[in-house]
Amino acid sequence: MTRPVAPEQVAWEIRLMAVVVATLAVFGVAAVYGASSIVAVQNGRAGSAFAWNQLVGLMVGGVVFLAAARTDYHVWERLAWPLIGVCAGLLVVPYLPVVRSLAPEINGARRWMDIGPLRFQPSELAKFAVVAWTAMLAAKKGETVREFRRGVMPFLVIVGPLSALVLFQPNLSTAAFMVLLAGVILFTAGARIGHFLLLGLAAVPIAWHEIVSVQYRLARMLTFLSPGEDSQEMSWQITQSVIGVGSGRVFGVGFGQGQQKLGYLPYAYSDFIFSTIGEEWGFVGVTVVVLLYGLFIALGLRIARTAQDSFGMLLATGLTTLIGMSALVHMAVSLALVPTTGLPLPFVSYGRSNLLVSLLAAGVLASVGRHRRPARPLPARGAD
C-alpha cells in the first residue's frame, strides 16, 4: 500500500531535489575545472576546455531533467522494451567489423561511440534502461517474482547478455553494477533472498576468472588486499588518491591549488574527482558533498515509499540506487575502502554521457514524486 502525500509536501520535496541536483551539477563544473585545467593545457587545449564541455552537457541535461520531470513516468513502462533493444544494438556495434569504426579504441577499451561530432557511452544509457525494464517487468509479474523459473529466470535472460556485452568492452565494474541494479529492484519486488544467494555463488567463479585473466584487474585487487606495499607501481593511483584527500585537511588547499592533478593522480577530473574535492575543499567540502548525496537518497527512498503504484515504487528505488550506489562506490574507491573501479561520481565527474543519464534519472524520479497519490483533505468540523 502506498501512503498518500499532501500536495504542498510533494511540491516541497521536488523543489528540494531539484536544488540538490543543481547544486551538485554546478559544483561539478567548478570541480572539473579545478582538476582538469593543467591536463587540458598539457594537451594543447584551453585550460577551461573540460569545464566548458561539462557546462554544455549540464545545459542540455537541464533540459532533459525538466522534460523528464514534467512527463508522466508511465511512458517509461511503455518504452522499456524498445529502450533495452536500442541499448543492446548500440552495445553490439563494437563487435561488428562493418561499423566498428564508430566505436574507436580508447585506452584499450571500446566503450564510446562517435557519431559525427558527438561521443557518448552506451553503457551509461544501458544502466538506466536496465532500471526501467526491470521495474516494468517486476511490476507486471507481481508475486511471480518469488519463483525462480517464471520470476527470476526471465530477468537473467535479458540482463545477463546485456551485461556481458558491457563486460567484453571491457568494463567489469559497469557490467556488475547493471546486475546489481536489477537485483535491488527484484529484491524490492519480493524475490527470495535464497535465489540471490545461489546466483551469487554461481557468479563467483565467473567474477574470479574475469579478475585474474586481466592484469590490471588483478593488480587492483592485490593493491586493495595489500595497500601501500608497492606505491610506485600497482598501488600508485590509490595511494595518490588517499594522499590527496588527506592533504586537504579541514578547509582544503584552495580552489585550483591541488597538487595531485599535476601528474600524480591520473583521471583526477573523472574517476578520482572526489579525491580532488577532498584536497582542494577539505573535510568541509567533502562533508557537504556527502550530505547532499545523503539528502538525495533520502528523498528518492521517500518517493519510492509513497509512489502511486508498484511500477513507480520499483522505478524510484532503482533510480535512487543508480545515483546513490554510484556515489557511494566512487567515494569508497577514492578512500581505498573498496577495489578501484571506474564508476564516476554522478552529477560531478567529467563525462557528458554520465551527466545526461544522471539528470535523466533524477528527472524521472521527480516525475514519480509529482504523480504520487495526494492525501484527501480532512472534513471541516461540523460537516455532515
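Buried means under 20% relative accessible area, exposed over 50%, and partly exposed in between, using a 1.4 Å probe and protein chains only. By that rule Glu280 is buried, with a relative accessible area of 2%. The views below come from a predicted model, where local features need pLDDT of at least 70, side-chain atom pairs count only at pLDDT 80 or more, and totals for chains, interfaces and linings use all residues. Residues are numbered from 1 along each chain as its sequence is written, and side-chain values use heavy atoms, with hydrogens and water left out.

**View A. Helices H10 and H12 pack against each other.** Here we look at H10 (residues 273–305) and H12 (residues 352–370), whose axes lie 9 Å apart at an angle of about 45 degrees. That angle makes H10 oblique to H12; angles under 35 degrees count as roughly parallel, over 145 as roughly antiparallel, 65 to 115 as roughly perpendicular and the rest as oblique. Axes are lines fitted to C-alpha atoms, for helices over the stretch in contact, and angles run from 0 to 180 degrees between N-to-C directions. Helices (H or I, at least four residues) are DSSP runs, numbered from the N terminus.

View B. Phe296, Gly300 and Ile303 of H10 make the contact with Ala362, Leu365, Val368 and Gly369 of H12, where contact means heavy atoms within 4.5 Å. These residues divide into five nonpolar, two polar and no charged; Ala, Val, Leu, Ile, Met, Phe, Trp, Tyr, Cys and Pro count as nonpolar, Asp, Glu, Lys and Arg as charged, and the others, Gly among them, as polar.

**View C. Glu13 forms a salt bridge with Arg302.** The closest N and O atoms are 2.4 Å apart; a salt bridge is a side-chain nitrogen of Lys or Arg within 4 Å of a carboxyl oxygen of Asp or Glu. This pair links distant parts of the chain, with Glu13 in helix H1 (residues 7–42) and Arg302 in helix H10, 289 residues apart. Glu13 is buried at 3% relative accessible area, whereas Arg302 is partly exposed at 21%.

**View E. Glu280 and Lys261 join in a salt bridge.** The N to O distance is 3.5 Å. Glu280 sits in helix H10 and Lys261 in the loop between helix H9 (236–247) and H10, 19 residues apart. Lys261 counts as buried, at 7% relative accessibility.

Note on methods: Helix = DSSP H or I, 4+ residues; strand = E, 2+ residues; numbered from the N terminus.
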